[in-house]
Amino acid sequence: MSTLADLPLLASGKVREMYALDEDRLLMVASDRISTYDVVHPTPIPDKGRVLTGLSAFWFERTGHIVPNHMISATEGVPESERGRALVVRRLHMLPVECVVRGYITGSGWKDYEATGRVSGIALPPGLQESQRLPEPIFTPSTKADVGHDEAIDFEAAAELIGDRALMRRVAETSIALYAAAAEHALAAGVILADTKFEFGLDADGRLVVGDEVLTPDSSRYWPADRYEVGRSQPSFDKQYVRDWATASGWDRKPPAPPLPDDVVAGTRERYIEAYERIAGEPFSAWLERVGAPSA
């Protein structure tokens, strides 16, 4: 069994590293790093990477009938030291757009709606309140920024970016189908999936495939359904807890990011693990045992 030190590192992001296994397969490793305002904090959140990987694996297995995905295995080919936080995945030619689906009006979408009555060029009904459920989910793509923030664009700009309007239409329809299936499952588990982000690529045969992570607390807004109230921002299972602390800390949002207090670390870890357990319907420890993850 190889170790990470034996593998060529292809890319390192705010959360993930990608390693080459061979010409067809990659090892995707999720760290415990957490960022706010596009800056990584020096303090990790224990088990965060294992939650992201476990939930991605759960959703890949559950949504394979909607669209193929890049997951090959959570065990075979994964170094023992990285079990639970790494997946062996297929190489894809990734499309240069972020595929955001919104079922509720919140975040940057709410700010755009307040200013213009539209989100990514889509006109919405007048009089919506913050966090209100939309009449139907909407597809609101954005650019992929190597540095800084992604920028919201409309469908036509996204189609121009990938150079294929028919393919972009398939991507939009597939994104909405994935969101709808996940939102239905989550709501039955007492969780609202407010919005989420997908990334797609094409495999060697030109098939559309969903890649990266899917439907995790890092790529989605998950709200506890029993605390949902229209007209305000919502408590959530994502890193909003850290973002709220960072905002109140007086940090100027420029590097370096400040260390996180112990109570913020513990509270964030609890939220990530609760998200896994509610959505997957099993103890977090079950995921770790299933893939033979080492003790934390």
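Predicted model: local features only at pLDDT ≥ 70, side-chain atom pairs only at ≥ 80, totals over all residues.
Figure 1. The side chain of R16 forms a salt bridge with that of E213, with N and O 2.7 Å apart. Side chains of opposite charge can pair when their charged atoms come close.

**Figure 2. The salt bridge between R269 and D47.** The closest N and O atoms of R269 and D47 are 2.7 Å apart, and the two residues form a salt bridge. Distant parts of the chain are linked by this pair: R269 lies in helix α6 (residues 262–280), and D47 lies in the loop between β5 (39–40) and α1 (48–63), 222 residues apart. R269 is partly exposed, at 31% relative accessibility. D47, in contrast, is buried, with a relative accessible area of 7%.

**Figure 3. The salt bridge between R232 and E229.** R232 and E229 form a salt bridge in which the closest N and O atoms are 3.5 Å apart. R232 has a relative accessible area of 28% and is therefore partly exposed. E229 is also partly exposed, with a value of 46%.

**Figure 4. A network of salt bridges.** Salt bridges link E98, K144, K197 and E199 in a network. The structure as a whole holds 19 salt bridges.

**Figure 5. The second largest pocket and its lining.** The second largest pocket holds about 190 Å³ of space. Its lining consists of 14 residues, and those nearest the centre of the pocket are Y104, R133, P137, Y179 and A183. Two or more lining residues come from each of the elements β9 (97–104), β12 (133–139), α4 (165–188) and β14 (191–202). Classified by residue type, the lining of this pocket comprises 10 nonpolar residues, one polar residue and three charged residues.

Terms used:
Residues numbered from 1 in each chain as written. Heavy atoms only, no water. Salt bridge = Lys/Arg side-chain N within 4 Å of Asp/Glu carboxyl O. Helix = DSSP H or I, 4+ residues; strand = E, 2+ residues; numbered from the N terminus. Buried < 20%, exposed > 50% of the residue type's maximum accessible area, 1.4 Å probe, protein only. 1 Å grid on protein atoms, 1.4 Å probe; cavity = no way out; pocket = protein on both sides within 12 Å on 5 of 7 lines; lining within 4 Å. Points joined across faces, edges and corners; volume = space filled by probe spheres on them. Nonpolar A, V, L, I, M, F, W, Y, C, P; charged D, E, K, R; others polar.
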